[in-house]
Amino acid sequence: MEQIVSRQEASDAVRDHGWRYMLGALQTSVPVGTLAQAISLAADAVAACGDDADRHLRVDVRPDLAVFTLQSLDHAAVTTRDIELARRISATADKSGLVPGPGLGTGAPRSVQVVEIAIDALSISRIRPFWKAVSGYADEAGAEGPEDPLVDPLRQGPAIWFQQMDRARPQRNRIHLDICVPHDEASRRIEAALAAGGRLVSAGRAPAFWVLADVEGNEACVTTWQGRDG
């Protein structure tokens, strides 16, 4: 029976197969030589997943890279089925002489990641309908409440979530990006941001997230799945 797994269980189960747990999803990338090779690999992965492909697998194919994402659409979370499918896809890539991996410090353009848009609000329930309408977004499975996040029904754009404010902050940006990276990529990404002129605003909630800012004070968070339990 398909079951939702914990963050730690998901991370441990796929790490040695070239995948990383990314806050509710599993991701890996496979360098390829041509678009035809990427499409062929994607077709092989779909065949390996069988009937589960439509409800769990998303693939982004490019001439130089194929990125695979696994998440149960029924649960909006990683399940035991996703872990099994990740192992099947890795085995399929191996048979083709290709190497799935998270793209950590290997010369890849960047690591796998998930970008989300965070909107600070005094009344989330009042502004959420606007953002749902203007973005064309939808409720996530099992999260239809007036303060829940919104997702792109085509799974192309970043998710939007709402952060509760306790008071107005007119001199601070009210919308920021959350960049979720593999837990073993976070330090490199933060060091790069600091070297590029950024500053560390807060590490009080690390390793769940670090708050960074550019030279004008606009903020972004580097996030990981760690530090979110308990």
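Modeller: What follows starts with the whole chain and then moves to one strand and its surroundings.

This is a predicted model, in which local features need pLDDT of at least 70 and side-chain atom pairs count only at pLDDT 80 or more, while totals for chains, interfaces and linings use all residues. Residues are numbered from 1 along each chain as its sequence is written, and side-chain values use heavy atoms, with hydrogens and water left out.

The protein has 6 helices and 12 strands; these are DSSP runs numbered from the N terminus, helices being H or I with at least four residues and strands E with at least two. The radius of gyration, taken over C-alpha atoms, is 18 Å, close to the 17 Å of the globule rule for 230 residues (2.2 Å times the number of residues to the power 0.38), so the protein is as compact as a globular protein of that length. Its C-alpha trace spans about 55 × 40 × 35 Å along the principal axes. Of the 230 residues, 41% count as buried, where buried means under 20% relative accessible area, exposed over 50% and partly exposed in between, with a 1.4 Å probe and protein chains only. Among contacts (heavy atoms within 4.5 Å) with a separation of 6 or more, 62% are between residues 24 or more positions apart.

Strand β9 runs antiparallel to strand β5 (residues 114–121), joined by 6 bridges, and parallel to strand β12 (residues 219–223), joined by 4 bridges. Two strands pair if DSSP finds at least two bridges between them. Strands of a sheet pair through backbone hydrogen bonds, either parallel or antiparallel. Asp178 takes part in both pairings: Asp178 is the bridge partner of Glu116, and Cys221 in β12 is the bridge partner of Asp178.

His176 is buried because its relative accessible area is 7%. Beyond its neighbours within four places in sequence, His176 contacts Glu116, Ile117, Ala118, Asp120, Gln163, Glu219 and Cys221. The side chain of His176 also makes a polar contact with the side chain of Asp178 at 3.2 Å; such a contact is a pair of N or O atoms within 3.5 Å, where within protein one must be able to donate a hydrogen and the other to accept it, and residues adjacent in sequence count only if both atoms are side-chain atoms.

Cys221, one of the contacts of His176, counts as buried because its relative accessibility is 8%. With a disulfide defined as a pair of cysteine sulfur atoms within 2.5 Å, the count comes to 0. Cys221 is accordingly in no disulfide, and the nearest cysteine sulfur, that of Cys180, is 12 Å away.

Cys180 leads on to Met22: leaving out residues up to four places away in sequence, Met22 touches Gln27, Val112, Gln113, Val114, Cys180, Val181 and Pro182. Met22 lies in the loop between β1 and β2 and counts as buried because its relative accessibility is 1%. Strand β1 pairs with strand β2 (residues 26–31) in the antiparallel sense over 2 bridges, and Leu26 in β2 is the bridge partner of Tyr21. These strands belong to an open sheet of 4 strands with antiparallel pairing, in the order β1-β2-β4-β3. β1 (20–21) and β3 (57–61) stand at the edges with a single partner strand each, so one side of each is left without a neighbour in the sheet.
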